[in-house]
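Open the model in your viewer and keep the selection panel at hand. The stops below go from one selection to the next.

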Amino acid sequence: MLKVLQNLLDLQSVDTRLQDVRTRLSAFPKKIAEVDARVAGAKAEVEKSKAAQVATVKDRKKYELDVEQWKDRVRKYKDQTSQVKTNEAYKALQHEVQMAEDEIAKAEDRLLEQMVSGEEYDRRIKAAEKLLKEVEDVARAERAKIDAEKSVAEKELAEGNTERARAVAQIPEDMMDHYDRIMKKHNNVALAEVRDEKCSACGMRVRPHVFQAMRRAASEEMFHCETCTRILYYVEPAASAAAAAPAPASQPPNQASSASEN
Ligand SMILES: [Zn+2]
């Protein structure tokens, strides 16, 4: 294989890895936002149940005041009872007392209801706080995991960039321009292996004379797919396993097969 083709394959291999790392890195902000949103949701639930309890306490104070006011009236009516002269006036006062006592009973019922629901709100607050603590514990673990994954990815990105610079240094500038153009046009895959006399990226058949030329060991020419314009390379089947073995950093056959699936 041409030296420049081998260098381009090395570069393609690094670029595929870099692409994967960048995709992983770009997903982290969303993951962190999801974790934060779950914690915020649990906090809001605690605040909501506390606000409901505050409202209940306010209602309770109002009903307590109602009870006191009606009791005052009953006392007042009873004081007046001792001073009335007529039977009608006495009966009328008795009626007022009865009505006021009914109101006291009603206010006391409401008060009791409020106290019961107050206990319910206490329980709800405790449950919401317990849930918040659990959500926060899980979130803490998730953030730590995300941070760890992120620093691994950042390290891989830095290493990949160094490797890429090394690979680029081996390739003539005009060839780099060419490579970059095809990369942009074709979903970050600029090279395609010829398999079964076809471009493995787009499936187009390679002309027989081109295929013959590619197979000649001494060939100095570079070929492109006529359809997708990717740079073509060919590895003799018998040689492919042996050729791939000593250089684990670049694995042209595997890489080309994954590219063709995309
Ligand atoms: Zn093609």
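Buried here means under 20% relative accessible area, and exposed means over 50%. The model is a predicted one.

**Stop 1: the zinc ion.** Select the zinc ion together with Cys-199, Cys-202, Cys-225 and Cys-228, whose SG atoms coordinate the ion at 2.2 to 2.3 Å. What is the geometry of the site of the zinc ion? The site is tetrahedral, with angles of 100 to 118° among the four donor atoms. For reference, the ideal angle for four tetrahedral donors is 109.5 degrees. Along the chain, the donors of the zinc ion are spaced as C-x2-C-x22-C-x2-C.

Cys-225 has a relative accessible area of 5%, so Cys-225 falls under the 20% limit and is buried. Cys-228 is also buried, with a relative accessible area of 5%.

**Stop 2: the sheet.** Select the four strands, which form an open sheet in the order S2-S1-S4-S3 with mixed pairing. Strand S2 (198-199) and S3 are the edge strands; each has a single partner strand, so one side of each lacks a neighbour in the sheet. Helix H1 (residues 3-81) packs on this sheet and touches S1 and S4, and the direction of H1 makes about 110° with that of S4.

Four of the five residues of S1 are buried, so S1 is largely enclosed by the rest of the structure. S1 and S4 run parallel and are joined by three bridges; Ala-192 has Leu-232 in S4 as its bridge partner.

On the pairing with S2, S1 is antiparallel, over two bridges. Look at Val-194, whose bridge partner in S2 is Cys-199; Cys-199 is also one of the residues that coordinate the zinc ion. S1 and S2 form a hairpin with two residues between them, and Asp-196 in the turn has a positive phi of about 55°.

**Stop 3: helix H4.** Select residues 208-215, which make up helix H4, and show the side chains. Which residues of H4 are buried? They are Val-210, Phe-211, Ala-213 and Met-214. These residues cover an arc of only 160° around the axis, which puts them on the same side of H4. Turn to the other side of H4 to find Pro-208 and His-209, which are exposed.

To finish, display the strands again around the helix. The buried residues of H4 pack against strand S1 (191-195), strand S3 (223-224) and strand S4 (231-233).

Terms used:
Residues numbered from 1 in each chain as written. Predicted model: local features only at pLDDT ≥ 70, side-chain atom pairs only at ≥ 80, totals over all residues. Heavy atoms only, no water. Donors = N, O, S within 2.8 Å, 3.2 Å for Na, K, Ca; no water. Tetrahedral: all angles 85-135°; square planar, octahedral: opposite > 155°, others 65-115°. Buried < 20%, exposed > 50% of the residue type's maximum accessible area, 1.4 Å probe, protein only. Arc of directions from axis to C-beta. Contact = heavy atoms within 4.5 Å. Pairing = 2+ DSSP bridges. Axes fitted to C-alpha atoms, helices over the stretch in contact; angles between N-to-C directions.
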